[in-house]
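Hi,

Here is the structure I promised to pass on.

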Amino acid sequence: MIYLEYNIEGQFKEHDSLRLAMSDDTANAFLNDFAQTKQGNDTIFACWARYQAAVADGHDAVNGTIGALLENDGNLAINQTVDSFVRNSPPIEIAAYAPLKGLPEFLDLAVTLALGDARSELENIGVHHTATASPGGSGALYLAAANFADRGSKVLLRDRHWGPYDGFLAGCDLGIETYPLLGGNNSTVDVESMISSLDRLAKQQSKVMSWLNDPAHNPTGLSLNANDRRAVLQAFSDMAMAHENVGFTLLIDAAYHLYAKEPHGWAETITDALHDGMNWPANLLITFAISLSKSHTIYGLRAGALVSIHPDESVVDRITTVMGVTGRQTWSASSRLAQYSIARIHAGEESGDAWSLELVRLTELLAQRRKLFIEECGKNGVPINPTHDGFFAWLEHDDPKSVVDSCANDHVYLVPLKGGIRIGLCAIPTEQIAKVAKTLRDALQ
Ligand SMILES: Cc1ncc(COP(=O)(O)O)c(C=O)c1O
């Protein structure tokens with residue numbers, strides 16, 4: 001029995017026994033079945049909190065936890081061109097709603113961010129596109145989850161993937177099927193396993209969607225090479241032809257692509273394959289989840305887009321409507337300020353160049369840390385995974401928590417995830433990279 005006490009004004013008075021009695025069971029009276037499955041802290045934020053506590057205790061702690069790019073002095077890297085355009089935006093662009101599907105100039109930019117220089121050639125070949133603005137890449141992933149798969153069906157992922165995928169999909173009543181990250185012979189994707197999973201799913205469901213975070217995969221830093229991209233694309237084309245009543249969607253999660261050596265590799269691979277005569281069956285859709293969080297250092301402004309491409313204009317037109325309505329029914333419109341200011345930067349040659357110069361500097365900072373980390377792991381016998389671009393590196397391990405705890409004893413803070421340890425090169429100052437490799441060596445002994 002819960003007793004509530006009222007004070008003389010007739011309002012609730014906080015009462016210790018009430019607080020104690022408010023257990024999960026009580027809260028479950030208000031939470032639906034799906035809400036009741038939501039548990040605990042996000043692992044990454046919990047690890048970051050542990051790092052911060054160590055710093056507060058006066059330790060010279062190393063932060064390899066968060067997924068944001070930090071300068072070597074530990075401050076968040078901020079592209080000053082973006083900062084100045086955001087700050088100098090007119091009041092009306094800050095205060096007003098954006099159009100529900102996004103500002104037209106931003107949507108046009110989103111297509112270019114997805115396809116790069118291959119955009120005009122794809123347009124010439126007859127590939128149509130559509131874009132919908134979203135609150136970050138997460139919003140774009142939600143748009144895809146909500147619309148490109150049947151409730152109750154499964155979405156295909158690699159076994160190592162960004163943790164929040166599971167939640168985005170579960171929230172849309174979608175399950176997951178996974179295939180291994182790496183195939184044999186130094187390949188950058190296990191295409192054989194992917195094909196057998198696609199085939200199995202196509203025999204069970206009428207829509208098959210797969211999410212591939214590439215290039216610069218979170219959590220490994222892996223990027224598919226051109227041959228492997230081509231093999232994946234060919235497999236989707238073949239599968240769509242073999243199962244002509246099944247709709248296949250290949251989603252490229254491009255959250256880190258502008259930090260990769262081949263940022264628009266997918267659009268180039270698609271263009272090359274079409275020139276070489278690859279079929280694009282009508283039941284195959286390719287879609288890009290674009291995030292401006294990292295590329296434009298505006299994590300908190302929440303800007304992104306879902307960009308879909310298909311040879312049939314009526315398909316992309318219909319997707320435009322469906323995605324616009326979904327956004328409207330979920331978050332209303334996305335941030336106008338982000339869309340306006342970023343579109344303006346890229347509309348001017350000088351500002352576009354200034355943004356790009358800073359992106360190059362930050363990409364080089366990451367490349368320097370990665371190169372050093374690979375070298376130091378080599379010297380110390382730490383068997384890290386292949387890692388090429390972006391924010392992270394990865395050590396496969398079947399007891400990641402014990403390794404992370406052991407590193408934490410030396411005040412090196414990393415993130416234990418399913419199947420391994422994520423090393424946030426994006427956050428680790430270059431001069432501390434060698435220490436991280438040595439600490440991992442000691443933890444593995
Ligand atoms: C793999 C991956 N996809 C998508 C996102 C989406 O990021 P945001 O919603 O901040 O744009 C992130 C962010 O960390 C990510 O790591």
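How are α17 and α18 oriented to each other? First, the background: this is a predicted model, where local features need pLDDT of at least 70 and side-chain atom pairs count only at pLDDT 80 or more, while totals for chains, interfaces and linings use all residues. Residues are numbered from 1 along each chain as its sequence is written, and side-chain values use heavy atoms, with hydrogens and water left out.

Back to the pair: α17 (residues 400-409) and α18 (residues 433-444) pack at about 125°, axes 9 Å apart, and are therefore oblique to each other (under 35 degrees is roughly parallel, over 145 roughly antiparallel, 65 to 115 roughly perpendicular, the rest oblique). Val 403, Ser 406 and Cys 407 of α17 make the contact with Thr 439, Leu 440, Ala 443 and Leu 444 of α18 (contact means heavy atoms within 4.5 Å).

The other pair is α5 (residues 80-87) with α16 (residues 349-380): their axes come within 8 Å and cross at roughly 135°, which makes α5 oblique to α16. Here Thr 81, Val 82 and Phe 85 of α5 meet Ser 351, Ala 354 and Trp 355 of α16.

Now the ligand. There are 14 residues around it, and Ser 138, Asp 253, Tyr 256, Ser 291 and Lys 294 come nearest (near means a heavy atom within 4 Å). An N or O atom in the Ser 138 side chain is 2.6 Å from a ligand oxygen. For the side chain of Arg 302, an N or O atom sits 2.7 Å from a ligand oxygen. Gly 137 uses a polar backbone atom, 2.7 Å from an oxygen of the ligand.

Cheers

Technical notes
Axes fitted to C-alpha atoms, helices over the stretch in contact; angles between N-to-C directions. Helix = DSSP H or I, 4+ residues; strand = E, 2+ residues; numbered from the N terminus. Polar contact = N/O pair within 3.5 Å; in protein donor to acceptor, adjacent residues only side chain to side chain.
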